[in-house]
Amino acid sequence: MDAVDRELIALLQEDATSAYAALGKAVGLSAGAAHERVRKLRERGVIRRTTVEVDPAALGRGVLAFVMVESSAWMGESAEAFAAIPEIQEAHVIAGSASVLVKVRTTTTEQLQDVLRRLYAIEGVSGTQATVSLETFFERPVSPLDTPLGT
C-alpha cells in the first residue's frame, strides 16, 4: 500500500459516497485509476465494507457502557455467544484481570442491566464490571495517514 492508497482510504473515511472522479482528482489520478485502486483495496480486505455512521442517541441508544467480563475459563471460543446479544457493538478478548471487554449501547440503564444478565448466561462468565459513559468527546477510525508506509 502506497501513499496514494492511504490518501484514498482517508478520503473514503471522510465520505464513502465520494465519486471516483472526485477521489481521482484529489490524489492526481483519473476516475478509472481511482476506481481500480479502491477495488483492489477491497479485494485485499483493506477496505472491509462501506457503511453509514449514525448517531446512536438519534436511534434511541443513548446509554453507552464498557463492560469488563470476568471468566472462569478461556473465552476465546465464545465470539458467537457475545455476537448473539444485539446491544453489544464490539467484543475484545483482553489481557488483564478480565477476559473480555465489550462495548454496549442501550436505550435505558434497565436494558443495560438485562444485557448484563444475558452475559452471565454465557458459559464461563463469572462476573462483570460495567462503566457507563457520561459523554463521548470523540471517536475516530484508524487513520491510514498516521501509519508508516510499508505496513
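This is a predicted model: local features need pLDDT of at least 70, side-chain atom pairs count only at pLDDT 80 or more; totals for chains, interfaces and linings use all residues.

Residues are numbered from 1 along each chain as its sequence is written, and side-chain values use heavy atoms, with hydrogens and water left out. Helices (H or I, at least four residues) and strands (E, at least two) are DSSP runs numbered from the N terminus.

- Two packed helices are described by the angle between their axes and by the distance between the axes; the axes are lines fitted to C-alpha atoms, for helices over the stretch in contact, and the angles run from 0 to 180 degrees between N-to-C directions.
- Helix α1 (residues 3-14) packs with helix α3 (residues 31-43) at an angle of about 85°, their axes lying 10 Å apart, and that makes α1 roughly perpendicular to α3 (angles under 35 degrees count as roughly parallel, over 145 as roughly antiparallel, 65 to 115 as roughly perpendicular and the rest as oblique).
- In this pairing, V4, D5, L8, I9 and L12 of α1 meet A34, R37, V38 and L41 of α3, where contact means heavy atoms within 4.5 Å.
- By class, the residues of the contact of α1 with α3 are seven nonpolar, no polar and two charged, given that Ala, Val, Leu, Ile, Met, Phe, Trp, Tyr, Cys and Pro count as nonpolar, Asp, Glu, Lys and Arg as charged, and the others, Gly among them, as polar.
- Helices α2 and α3 pack at an angle of about 95°, with their axes 7 Å apart, which makes α2 roughly perpendicular to α3.
- On the α2 side of this contact are Y20, A21, L23 and G24, which meet A31, A34, H35 and V38 in α3, and the contact of α2 with α3 has six nonpolar, two polar and no charged residues.

**Helix spans and buried faces**

- The 12 residues of α1 should span 16 Å at 1.5 Å a residue, and the end C-alpha atoms of α1 are 17 Å apart, which agrees; the expected span of a helix is 1.5 Å times one less than its number of residues.
- In α1 the buried residues are D5, R6, L8, I9, A10 and L12, and they pack against α2 and α3 (buried means under 20% relative accessible area, exposed over 50% and partly exposed in between, with a 1.4 Å probe and protein chains only).
- Helix α3 has 13 residues and reaches 18 Å from its first C-alpha to its last, close to the 18 Å expected at 1.5 Å a residue.
- The buried residues of α3 are A34, V38 and L41, and they cover an arc of only 55° around the axis, which puts them on the same side of α3; the arc is that of the directions from the helix axis to the C-beta atoms.
- What covers these buried residues of α3 includes α1 and α2 (20-27), and α3 is followed by G45, whose phi is positive, near 85°.
- Helix α5 (residues 109-120), with 12 residues, reaches 17 Å from its first C-alpha to its last, close to the 16 Å expected at 1.5 Å a residue.
- The buried residues of α5 are L112, V115, L116 and L119; they cover an arc of only 100° around the axis, which puts them on the same side of α5.
- These buried residues of α5 pack against β1, α4, β2, β3 and β4 (125-133).

- R49 is found in the loop between α3 and β1 (63-71), and at 64% relative accessibility R49 counts as exposed.
- R49 and A16 are 33 residues apart in sequence and 10.0 Å apart in space, C-alpha to C-alpha.
- V52 also lies in the loop between α3 and β1 and is exposed, with a relative accessible area of 66%.
- V52 and R39 are 13 residues apart in sequence and 19 Å apart in space, C-alpha to C-alpha.

**Buried loop residues**

- E87, placed in the loop between α4 (79-83) and β2 (88-93), is buried, with a relative accessible area of 7%.
- Leaving aside neighbours within four places in sequence, E87 is in contact with R61, K103, V104, R105, T106, Q111, V115 and R118.
- S99, in the loop between β2 and β3 (100-106), counts as buried at 18% relative accessibility.
- Not counting residues up to four places away in sequence, S99 touches V69, E70, S71, M75, H92, V93 and I94.
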